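Subject: Handing over the two-chain model

Dear colleague,

I am passing this structure on to you, and below it you will find notes on what came out of going through it. Please read them with the structure open beside you.

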Amino acid sequence: MGPNGCGKSTLAKHVNGILVPTSGDVFIDGLNTKEEKNYFEIKKKIGMVFQNPDSQIITSTVEEEIAFGLENLQVPSIEMNYIIKNVLNLVELNGMEKTPTHCLSGGQKQRLSIASVLAMKPEMIVLDEPTSMLDPGGRKKVIKIIENLHVKGTSVLLITHSVEESLKSQRVVIMDNGQIVSQGNPKEIFSSVDFIKSNNFNIPESTDILYRIKKHGYEVSLKAFESKKCADEIIKLLENNI
Amino acid sequence: MIRVEDLCYNYNAKSKSSISALKNINFTLKNSTIMGIIGKTGSGKSTLAQLLCGLLSPTHGKIFLNEKEIIKDFKNTKEICFNVTMAFQYPENQLFEKTVYDEIAFGPRNKGISESKIKDIVFEVIKFTNISENMLKCSPIFLSGGEKRKCAIASVMALKSKVLILDEPTAGLDCKSKSQLMNSIFEYHRKEKNILIIISHNMEETARICDKVLVLDEGIQLMFDSPVKVFKNYQKLEKLNLDVPQTSQIMRYINNEYPINTDIMFPKEAEEEILKILNSKGVER
């Protein structure tokens, strides 16, 4: 996380070797991204999804889009069909194999780009603001898919501006001016309202309300990020007196 | 004033594969109103925007700008283009002039305004959007993402149109740039007293600045009302997979246990309301 221009995307591009460091090294499972002989191996391990799906989708149908990466990996076509079905299921686009890609909505396109990366079975997936162009429904779907991936053992590196989304992670890294300014457990980091304010992040309204109440001297926890938990916290306060 | 009467739009209207994108839209906007359009992807938001600025012509129904029909024939297209302007989503992809100055001056030049007046306009709009004067000589290509966005918005502001349509003006910006840009758009609106139409997926933003909210679903006008009244229908909105501002959600949860005002949409008002109840109950600090 971090403001526009702080180097998030630049860092992400170092992870799969699109960019190589000017100085220092990036190792993926012990493989240095600087060494040309490692390129193929690294690209296989790490999948990347960009912010704007339109800049990633190149073929004319959904099925071809997913097959593109597989063809490059020389997967036999019988297996390919099986994989395509499988990943389309994962991103809830089942039955849309023959749909032209230009007929998809923004959310569907974003899920297709995730599917075509998943088809290559990467060990780690890097997502650069995958939800910033989507409506709330599409956003929730994509986040759900990412969560499921993680449960199944894929590492996820997610770039986002949303505090809510980052709360689902185990570790959050905050960047500014090309440097890491802070990192750790998101619930710890984002329960400090002063920290959020000084770094110009959007405070979830739940935290904002609890913070305002706390300032008046009432005892409430700031770690309630969901609406329900925040309401419970206030109800608990009201019940104190009975 | 904008009046939309029984507006319908079908893509490929004359062929068999005709797709109906908008059905019977009706609304009236008085001068200097801000309207938000919400709806999921594919609900017809952008189609409506394109109809309003005359890029598409209605299959059925009429749109009036100050009692004059938009696109009656194509003779007055140019007039519409200057009266109703639009910034598309990710407008920074459309920057093409050599310098930021020329980029902003492009619209007014096409309008036939004299260079000296254009200079005044450019300096006026860069003040609204916080673009520094040294930046005017730069090529827009070398600006950062946030600066490019500001430049693109400034260039539509420079047209000084009666109606300004913005398609997700803050998508993809960080929170500071987001609130800065929103504030500058609001300031501009206050001065120009134009009609502002904002398409947004951010419900908190919509609740905060809009006077009216239009909810679209699959081309149908579901609601057209003030934000308070629209977001009261949270069940309808949640069915559409749209969010409501988080504060109003929290107030509703509290209301399940303790009666509280559920019309509240902003943290500051919520603070006052909760404090009032805490005080009346005499809860210890």
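Two residues are said to be in contact here if their C-beta atoms, placed from the backbone, lie within 7 Å. Please also keep in mind throughout that this is a predicted model.

With that cut-off, the buried residues of helix α3 of chain B, which spans residues 100-110, pack against α4 (115-128) and α5 of chain B. The buried residues of this helix are V100(B), Y101(B), E103(B), I104(B), A105(B), G107(B) and P108(B). Just after α3(B), G112(B) takes a positive phi of about 85 degrees.

Turning to chain B as a whole, it has 11 helices and 10 strands. Its radius of gyration is 21 Å, close to the 19 Å that the globule rule gives for 285 residues, so chain B is as compact as a globular protein of that length. Along the principal axes, the C-alpha atoms of chain B fill a box of roughly 65 × 55 × 30 Å. Of the 285 residues in chain B, 46% are buried, and among the contacts in this chain between residues at least 6 apart in sequence, 64% join residues at least 24 apart.

Chain B is divided into domain 1 (2-234) and domain 2 (245-285), and the centres of these two domains, taken over C-alpha atoms, are separated by 35 Å. Where they meet, 6 residues of domain 1 of chain B are in contact with 4 residues of domain 2 of chain B. On the domain 1 side of this contact, α7 (203-209) and α8 (227-232) of chain B each supply at least two residues, and the residues of that side divide into 5 nonpolar, no polar and 1 charged.

A strand that deserves a look is β7 of chain B (residues 163-167): 5 of its 5 residues are buried, so the strand is largely enclosed by the rest of the structure. V163(B), I165(B) and D167(B) point one way from β7(B), while L164(B) and L166(B) point the other way. β7(B) pairs in the parallel sense with strand β6 (residues 84-87) of chain B over 4 bridges, where A87(B) has L166(B) as its bridge partner. β7(B) also pairs in the parallel sense with strand β8 (residues 195-199) of chain B, over 5 bridges, and there L164(B) has L196(B) as its bridge partner.

The nonpolar cores come next. The largest has 87 residues, of which L52(B), V125(B), A154(B), V163(B) and I165(B) touch the most other members, and helix α5 of chain B (residues 145-157) gives the largest share of this core, with 6 residues. Leaving aside its neighbours within four places in sequence, I165(B) is in contact with A49(B), L52(B), C53(B), V84(B), M86(B) and I197(B). Apart from this core lies another, of 29 residues, among them I46(A), A67(A), V87(A) and L134(A).

Finally, the contact between the chains takes 38 residues from chain A and 38 residues from chain B. On the side of chain A that touches chain B, the elements giving two or more residues are α5 (106-118), α6 (136-151), α10 (205-215) and α11 (227-239) of chain A, and α11(A) gives the most, with 8 residues. By class, that side of chain A has 14 nonpolar, 18 polar and 6 charged residues.

With best wishes

Technical notes
Residues numbered from 1 in each chain as written. Chains lettered and ligands numbered in written order. Predicted model: local features only at pLDDT ≥ 70, side-chain atom pairs only at ≥ 80, totals over all residues. Nonpolar A, V, L, I, M, F, W, Y, C, P; charged D, E, K, R; others polar. Domains from an automatic or database assignment. Core = buried A, V, L, I, M, F, W, Y, C linked by C-beta atoms within 7 Å. Buried ≥ 20, exposed ≤ 12 C-beta atoms within 10 Å, placed from the backbone. Rg over C-alpha atoms; globule rule 2.2 N^0.38 Å. Pairing = 2+ DSSP bridges.
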